[in-house]
Amino acid sequence: MLRFLVIVFLLLVFAYFGAIIYLYATQESKIFNRKWAKEYTPKTAKKIYFKTSDGIKLEGAFTKNGDNLPLVLYFSGNANNVIEFLDKIAPQIKNYNFVGFNYPGYAGSEGKPCEKCILKYALEIYDRYKPDVLIGRSLGTSVASYVASKRGIKKLVLITPFDSIVNIAKNKYPFLPVEKLVKYKFEEYKWIRNVKAPVNVLLVKNDDVIPEKNIENLLKNIPDLNKKIVIYGVKHGNIYEYKDIVKIIQELLE
């Protein structure tokens, strides 16, 4: 009996440390799921490039809907090519011009993704274009919130936001020391506290990626939650397939 208990104990120990190794080794591909950010050739938007302060060339696009319109800077999700939004959705939102760039290592952007470099380059892009409004989608909501906490903007729009990568990992792996394992924390709930602009939020009911606990934690840390819209019938990954998505984004911008 003792031998059996020892074997069970050893198996549990191996399983525990195996889970730790797995989480640590695979976190980059989960957080920066760039394999889905395929090359995309725009039909309406104009492809442009941004050269960072350390010489990295980022691929992006500009959607011009008119002269002297307010400018929206868009930050995409962790598995998206930003140009696709700028080419398909942005041209339908006629009262704004749009600009955005792929993260390092995504699609046609040089470099390798990391939290520090993404946030650094996001501030550089903001300083170059001086947008009126920031929109973030999924992972991009943390980037947009970070920029908004550091710079003055008129409005911040968050589409399927979360509180932090660490908190999501805690929910998924409650028995693992995730705070020490997760390299890229993206602590949006901390940055959002310093945003002085009104914040509008778009959520999907029963989000299949972001637990409700993490969404609520983010919402309660927003100083000026101006508007919250919840839509049904779509999932986290296909929110832009919602039939009235253009109308809703227009409402969030206005």
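Is Thr 52 buried or exposed, going by its relative accessibility? Thr 52 counts as buried, because its relative accessibility is 5%. The model shown here is predicted. Its chain has 254 residues, and 54% of them count as buried.

**The chain as a whole**
- The chain contains 9 helices and 8 strands.
- Take the contacts in the chain with a separation of 6 or more: residues 24 or more positions apart account for 74% of them.
- The accessible surface of the chain is about 12900 Å².
- Carbon and sulfur atoms hold 55% of that surface.

**Thr 52, in a loop**
- Thr 52 sits in the loop that runs between strand S1 (46-51) and strand S2 (57-63).
- The cut-off for buried is under 20% relative accessible area, so Thr 52, at 5%, falls in that class.
- Setting aside residues up to four places away in sequence, Thr 52 touches Leu 58, Tyr 121 and Glu 124.

**Leu 219, in helix H8**
- Helix H8 covers residues 212-219, and Leu 219 is part of it.
- Leu 219 has a relative accessibility of 8%, so this residue also counts as buried.
- Neighbours within four places in sequence aside, Leu 219 is in contact with Val 201, Leu 203, Leu 225 and Lys 228.
- Val 199 lies 20 residues from Leu 219 along the chain. The C-alpha atoms of the two are separated by 9.8 Å.

**Helices H5 and H8**
- Helix H5 (residues 165-172) packs with H8 at an angle of about 150 degrees. The axes of the two helices are 10 Å apart.
- Angles over 145 degrees count as roughly antiparallel, so H5 is roughly antiparallel to H8.
- The H5 and H8 crossing is right-handed.
- On the H5 side, the residues that meet H8 are Asn 167, Ile 168 and Asn 171.
- On the H8 side, their partners are Lys 213, Asn 214 and Asn 217.
- Sorted by class, the contact of H5 with H8 has 4 polar residues, 1 nonpolar and 1 charged.

Terms used: Residues numbered from 1 in each chain as written. Predicted model: local features only at pLDDT ≥ 70, side-chain atom pairs only at ≥ 80, totals over all residues. Heavy atoms only, no water. Helix = DSSP H or I, 4+ residues; strand = E, 2+ residues; numbered from the N terminus. Buried < 20%, exposed > 50% of the residue type's maximum accessible area, 1.4 Å probe, protein only. Contact = heavy atoms within 4.5 Å. Axes fitted to C-alpha atoms, helices over the stretch in contact; angles between N-to-C directions. Parallel < 35°, antiparallel > 145°, perpendicular 65-115°, else oblique. Left-handed = near helix turned anticlockwise from the far one by under 90°. Nonpolar A, V, L, I, M, F, W, Y, C, P; charged D, E, K, R; others polar. Areas by Shrake-Rupley, 256 points an atom, 1.4 Å probe, with all protein chains shown as cover.
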